[in-house]
Number of protein chains: 2
Amino acid sequence: MNGINKPLTKRGQKTFDALINSAITLFHTKGYHQTTIAEIASEASVSVGTFYIYFTDKYSLYNHVLKELGHKIRAHTTKAILQSKTRREAERAGIKAFIKYIRDYPHVYTVIWQALQVDKTLFINYYTDFAARYTKGLNEAFKKGEVLETNFQTLSYALMGISNFVGLQVTMLEPNLKSDETIDHLVDNLFDTLEKGLFVKER
Amino acid sequence: MNGINKPLTKRGQKTFDALINSAITLFHTKGYHQTTIAEIASEASVSVGTFYIYFTDKYSLYNHVLKELGHKIRAHTTKAILQSKTRREAERAGIKAFIKYIRDYPHVYTVIWQALQVDKTLFINYYTDFAARYTKGLNEAFKKGEVLETNFQTLSYALMGISNFVGLQVTMLEPNLKSDETIDHLVDNLFDTLEKGLFVKER
């Protein structure tokens, strides 16, 4: 399915995972177009023939990597918000967890955003899927009376933008902001402001 | 300077601009690493020798393109906020103008974000420079009493994230949101929410 043959044995799973991890490393450092299947196989210490047992081509592997990244990020943030009693708490907890995830796996930006060069459809699917789930969550919070009525789709993109760009600030752009404490503090400070309303009320 | 020889004549300027425009088109469609100098020259209908009159190499051209994009985006948004009387008005006007700009020049995302594959330093410089200017603007608005006290650097990244991701929504991800009226409406609706405070006040 989708150019992927999932492994049926534990040993196969190990090889499959090794291929994926070496592909992520190479896509991150060299980029998709600059990476060959031979390099992916070599980095995973398997033969090119073994690559083709699991993947039809490089595109299928990349497509799978994107889907897996989406799953992992969602699993990580979903776990982080389990204890949240309100959307207000969940939003902070989710964004803190997201930022810590990309701090620990800085390949997330390079691997996802290069979809723009690999196949724009993959980029579009990745983010529209993410936004649809986010919008659903905000709608549910609205029904519980926890969020003000608004265009929840646009609000989803806005919150995804905040997560991604404060994530960039912390993980790549500004040095010395990488500790758990600093991330928690920055997000709390930002959401305190967003909750009060962005601007001083006009006179 | 920086591997660029600026043209001294009108005719030279025309050639220089043609090379830049063909490079942008090719970086957008094929990506930096997949594009050769020969292709850039050919697309601009000049010889490879002419390319080297103006640019030391492909990297210098890309670096120049990034800087120019930054200038153009800032010039466009600065012009749009000239009439704004408060930061509140300026924020909406600036984000509307930014989103309309990337709707009209959809290469902005692909060309800027591929800096992650070309040279992370260029990516970092592009966004830290943008954030520094944004932070300065918010600080000035704070001094005039128009913005609540907060960490303005993080707020800058948050607002840049909102612009970029609502921009993605409008230009690439969700169909039929591209009209001026729709963009204005989405941004106004979002900022109405952000100004009221993001969540229903807790009981």
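In this predicted model, helix H5 of chain B covers residues 87-104. Its 18 residues should span 26 Å at 1.5 Å a residue, and the end C-alpha atoms lie 25 Å apart, which agrees.

Much of the interest in H5(B) lies in its buried positions. The buried residues include the charged residues Arg87(B), Glu91(B), Arg92(B), Lys96(B) and Lys100(B). Ala90(B), Ile95(B), Phe98(B), Ile99(B) and Ile102(B) are buried nonpolar residues. Gly94(B) is buried as well. An α-helix has 3.6 residues a turn, so residues three or four places apart point the same way. Several helices of chain B contribute to the cover over these buried residues. Among them are H4, H6 (107-113) and H8 (120-143). H9 (152-173) and H10 (180-196) are also included.

H4 of chain B, residues 58-80, also packs against H1 of chain B, residues 10-29. Two packed helices are described by the angle between their axes and the distance between the axes. For H1(B) and H4(B), the angle is about 90° and the axes are 10 Å apart. The two helices are therefore roughly perpendicular to each other. H1(B) contributes Ile20(B), Ala23(B), Ile24(B) and Phe27(B) to the contact. H4(B) contributes Leu61(B), Tyr62(B) and Val65(B). By class, the contact has seven nonpolar residues, with no polar and no charged ones.

At the level of chains, chain B superposes on chain A by a rotation of 180° with 0.0 Å of shift along the axis. The RMSD is 0.0 Å. The two copies are thus related as by a two-fold rotation axis. The same surface serves both copies, as 100% of the contact residues of chain B recur in chain A.

Conventions:
Residues are numbered from 1 along each chain as its sequence is written. Chains are lettered from A and ligands numbered from 1 in the order in which they are written. This is a predicted model: local features need pLDDT of at least 70, side-chain atom pairs count only at pLDDT 80 or more; totals for chains, interfaces and linings use all residues. Axes are lines fitted to C-alpha atoms, for helices over the stretch in contact, and angles run from 0 to 180 degrees between N-to-C directions. Helices (H or I, at least four residues) and strands (E, at least two) are DSSP runs, numbered from the N terminus. Angles under 35 degrees count as roughly parallel, over 145 as roughly antiparallel, 65 to 115 as roughly perpendicular and the rest as oblique. Two residues are in contact if their C-beta atoms, placed from the backbone, lie within 7 Å. The expected span of a helix is 1.5 Å times one less than its number of residues. A residue is buried if 20 or more other C-beta atoms lie within 10 Å of its own, exposed if 12 or fewer, and partly exposed in between; C-beta atoms are placed from the backbone. Copies are superposed by least squares on the C-alpha atoms of residues with pLDDT of at least 70 in both.
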